[in-house]
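This report describes a structure in terms of its contacts and chain organisation. The sequence and structure are shown below.

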Amino acid sequence: MYELFKDLGSWLVSSEQWTGPDGIGHRLAEHLQYSLIATVIAAVIALPLGLLIGHTGRGAFLAINLASFGRALPTVGLVVLVFLASGLSMTPVYVALVALAIPSIVTNTYAGMTAVDPEVKDAARGQGMRGRQVLLQVEIPLALPLIMTGLRLALIQVVATATIAAYVSFGGLGRYVFDGLAQRDLVQVLGGAVLVAVVAVVLDLALSGLQRVLFRHRTAA
Amino acid sequence: MTIEWAWISDHAGDLTTLTLSHLQAALTAVLLGLLISLPLAVLAHRVRPLRGFLLGLSNVLFTIPSIAVFVLLLPVSGLTRTTTVIGLTIYTLVVLLRNTVEGLDSVPAKAREAAIAMGTRPLRTLLTVELPLALPVIMAGVRIATVMSISLVSVATYIGDGGLGQLFTDGFQRNFPTPVVVGVVLTLLLALVADALLVAVQYVLTPWTRQRHPKSGKA
Amino acid sequence: MTSNSPMNSPMNRRRILGGLFAAASVPALAACSSGITSLDGQGSGGGSGNGSSADGITIGTANFTENQILGYLYAAVLGAAGVKTKVRPNLGTREILIPALKGGDIDLLPEYQGALLHYLDPKATATEEGEMQNALAVVLPAGLQILPYGKAEDSDAFAVTRETADRFGLSTLADLKKQNGKLVIGAAPEVKKRVVGVVGLKDVYGVEFKEFKSLDSSGPLVKGALKKGDVDVANLFTTDTDIAAEGWVVLTDPKNLIPGQHIVPLIADRKADSTVRKALARLGNALTTEALTELNRQVDKDKKDPEDVANAWAEDHGLRKSAG
């Protein structure tokens, strides 16, 4: 074990390992790119859905079942299926990552919306606010912390799973994991895994820090 | 992309074997995960400083890509079912540990105090008062962990295991969609059935929670 | 730039890791595999840490369909000889399989002479079948042996599309050097570090590529990429029927970088009794390259099961007891 971690150290600091098309710098950038694109697409689909369900109070059953359905979808199977249907491109990877990210965003958005005190909504309506205004000015701001949590969870899951891109010939940090598996080069696998975990943890910390900064005024206000 | 229905009926036996093997891997992992997280959760619940550490650790483990975990286990447990189960167990911990701690947190202090006041020993209080009251939250975790494990088993196809995941590699190598579709559908069905069964188990285990929902109560 | 600079010292790393495996994995594997059967629902011949062929043989196969067909052919002929077998498909690459064989997770593996030799001894020079057989016997790890090689051969090929061949005037591997730094090669990830791969192409022919794309072993990724033009050179198997179907050009190998790749059973000593030897030798003598290519076609194109295809062939050739 000690040797493995020592080798990991030299793998990580070797300057050669950081440059070129197979360098960590490039792989890291690819990984972030895949993860961000997938999470943004998922958010564009899932946020309106979660808001709608939360605002109207209809379709909650659907939302919860969608979540467990989404969690049950095998990512490998989805990637292969879309690959066979659409050919070699990033589409299979994005479809699988988006499918993975949607449930956390929908359920947390929905949970955030239902947690808004009905009396607050009634008060807003009492002041003459329309449904749209209640949604935009009262419900969404109050639900925002949980919505952000959903986005954060989704992003972390996507970062950990974006390794799959390497299975269908693309890049990202998964390249080290899959190449290391084929070459039985455990240092490379461990290096890839550690980098993915570090990216996920750093993103998580950054986003929760941002969340704290954004919502600090709430207690003061 | 066409589905060859004949392939499905021709392979009913293989599909059953793969489904059972898939289920066995997932369930073993959840059971092991529960065995590990129950004591850890009690520890995290009782010893505050350990709580952040244990939950944080399980969170970090969760961010490691599952394929990497399987590969890194090869020198330890080889190309075996054990590798698959250990890998999956690691991923169940994040959900099981968090939910069990939260479940214990949700037990009203009064319930515990009352038991102790009646002279019940701490271990007995834990087993007969706290854990049963925490059960709904723990079971919610078990449900998520089960569904997640069922979906994750197929990743072990990269090390020659993976239950229904074998259908994905097979379909991929031969440019043959039928096994892949069947694999995805069976995985989903397995997850839905397992989840429904767990709901039923919870219903039986926690009779006291049933009256709380006015809608389901009959006058 | 991508791989073979001496500074990267993959060999050195490999040696350290190899030592680590030798120290850590062997006892651990031995300890674990006896406990596996209880966890493994399908385990029939699972506990394979010791004993003889009478306890059954676990056949491991690599992550491409031909190897699975070979695994099931082994199972068919061994079954006819009264040996209980279990085939484990899709276990991965040679880099994964050989440690598993040493550790006792599997007992028998359909191998390819030259590729196996270069895996065990990257500096090997033997290219003729008999020489390779002798060289293999020397470098094989303790506890493992190869049986006589069969007639059938599946070699590595480096292929380009007809258009690429015409455009750059490519007909041999040596011609690739003229385009050094311009072409993209696609192959399975392990080929990047193999002698019969990027390493040997550089050492023997002085060829350097612009980029190495990690794809698969003569599978959908590498063939799709070659077709689409994402890679210029693809590492394929000579028994792949798509080479002829697509009109791809296999670059010839005037300096014999690519060794003969006769199929050869690699087996744990404890399982290699005379029953097993005889059965596998009969198969080796009966199975030709053409026959294997045809079996590949049935599995990859007609979507027949490797097991069914193998059993049917073995039965047609009197190598398997007819069912029932």
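## Basis of the description

Two residues are in contact if their C-beta atoms, placed from the backbone, lie within 7 Å. The model is predicted: local features need pLDDT of at least 70, side-chain atom pairs count only at pLDDT 80 or more, and totals for chains, interfaces and linings use all residues. Residues are numbered from 1 along each chain as its sequence is written, while chains are lettered from A and ligands numbered from 1 in the order in which they are written.

## Chain B

Among contacts in chain B between residues at least 6 apart in sequence, 74% join residues at least 24 apart. Chain B has nine helices and zero strands; helices (H or I, at least four residues) and strands (E, at least two) are DSSP runs, numbered from the N terminus.

The C-alpha trace of chain B spans about 65 × 55 × 25 Å along its principal axes. Of the 219 residues in chain B, 48% are buried, that is, 20 or more other C-beta atoms lie within 10 Å of their own, with C-beta atoms placed from the backbone.

## Interface of chains A and B

Chain A brings 29 residues into contact with 34 residues of chain B. At least two residues of this side of chain A come from each of α4 (60–72), α5 (75–86), α8 (131–161), α9 (174–183) and α10 (186–220) of chain A. The most are given by α10(A), with nine residues.

Definitions and conventions
Buried ≥ 20, exposed ≤ 12 C-beta atoms within 10 Å, placed from the backbone.
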